[in-house]
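Good morning, colleagues. Please have the sequence and the structure open while I go through the contacts one region at a time.

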Amino acid sequence: AVVSTQSTWEAVVSTQSTWEAVVSTQSTWEAVVSTQSTWAVVIDHERMFFAPMPGILISVNVKPGDAVVAGQEMCVIEAMKMQNVFYAQKDGIVKAVNYDKGSLVAAEDLIYELE
């Protein structure tokens, strides 16, 4: 991403696996920052359910605001003419349901999220 304005500064940032920023002004200084750090994203798979395979969402048994307990049936995905039932891994409150019954889902689509 490149950010540029009509004012006295300009910034360039690249975020593939490392980041670098260049900042300069009309004054006499210029700064360059570089690091080999990477940004790790932590996904809580007990609170977020991602479709493990592409298929059709046959049923969604919860809606936002519902209280669920570990082991409760959450949804059913049909893939290759087999119905796969998925259960809550933790107790919680449903924060979001991103697909409706009958929706086509791709592998790794976020189906629901618990608070």
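Predicted model: local features only at pLDDT ≥ 70, side-chain atom pairs only at ≥ 80, totals over all residues.

Glu-113 counts as buried, because its relative accessibility is 19% and the cut-off for buried is under 20%. Glu-113 is found in strand E12, which covers residues 110-114. Leaving aside residues up to four places away in sequence, Glu-113 touches Arg-47, Met-48, Ile-93, Val-94, Lys-95 and Ala-96.

With which of these does the side chain of Glu-113 meet in a salt bridge? The partner is Lys-95, with 3.7 Å from N to O. This pair links distant parts of the chain, as Glu-113 sits in strand E12 and Lys-95 in strand E10, 18 residues apart. Lys-95 counts as partly exposed, at 49% relative accessibility, whereas Glu-113 counts as buried.

The structure holds 3 salt bridges, and I now turn to the other pairs. Glu-46 forms a salt bridge with Lys-90, where the closest N and O atoms are 3.3 Å apart. Here too the pair links distant parts of the chain, at a separation of 44 residues. Glu-46 belongs to the loop between strand E4 (30-35) and strand E5 (48-50), and Lys-90 to the loop between strand E9 (82-87) and strand E10 (92-97). As for accessibility, Glu-46 is partly exposed, with a relative accessible area of 40%. Lys-90 also counts as partly exposed, at 28%.

Asp-66 forms a salt bridge with Lys-63, the closest N and O atoms being 3.2 Å apart. Lys-63 counts as exposed, since its relative accessibility is 52% and the cut-off for exposed is over 50%.

Asp-66 leads us to Gly-92. The C-alpha atoms of Gly-92 and Asp-66 are separated by 8.4 Å, and the two residues are 26 apart along the chain. Gly-92 lies in strand E10 and counts as buried, at 17% relative accessibility. Which residues does Gly-92 touch, not counting those up to four places away in sequence? They are Arg-47, Asp-66, Ala-67 and Val-68.

An open sheet is formed by 4 strands in the order E5-E12-E10-E7, and the pairing is antiparallel. Which strands stand at the edges? They are E5 and strand E7 (67-68), each with a single partner strand, so one side of each is left without a neighbour in the sheet. E7 and E10 run antiparallel and are joined by 2 bridges. Within that pairing, Ala-67 stands opposite Ile-93 in E10.

The structure holds 2 aromatic pairs. Phe-49 and Phe-86 form a tilted pair, 4.8 Å centre to centre, with 40° between the planes. That pair links distant parts of the chain, with Phe-49 in strand E5 and Phe-86 in strand E9, 37 residues apart. Phe-49 and Phe-86 are both buried.

Why does the pair of Phe-49 and Tyr-112 count as stacked? The ring centres are 5.4 Å apart and the planes are at 20°, so the pair is stacked, the cut-off for stacked being under 30 degrees. Phe-49 in strand E5 and Tyr-112 in strand E12 are 63 residues apart, and this pair likewise links distant parts of the chain. Phe-49 has a relative accessible area of 12% and is buried. Tyr-112 is buried as well, with a relative accessible area of 5%. Phe-49, Phe-86 and Tyr-112 form one aromatic cluster.

Finally, a word on confidence. The mean pLDDT of the protein chain is 77, and 66% of its residues reach 70 or more. Which elements have the lowest and the highest mean pLDDT? Strand E1 (residues 2-4) has the lowest, at 42, and strand E11 (residues 104-105) the highest, at 97. Over residues 1-34, pLDDT stays under 50. For that stretch the model has 42 contacts beyond four places in sequence.

Conventions:
Residues numbered from 1 in each chain as written. Heavy atoms only, no water. Salt bridge = Lys/Arg side-chain N within 4 Å of Asp/Glu carboxyl O. Buried < 20%, exposed > 50% of the residue type's maximum accessible area, 1.4 Å probe, protein only. Contact = heavy atoms within 4.5 Å. pLDDT = per-residue confidence, 0-100. Phe/Tyr/Trp six-rings, centres within 6.5 Å; stacked < 30°, edge-to-face > 60°. Pairing = 2+ DSSP bridges.
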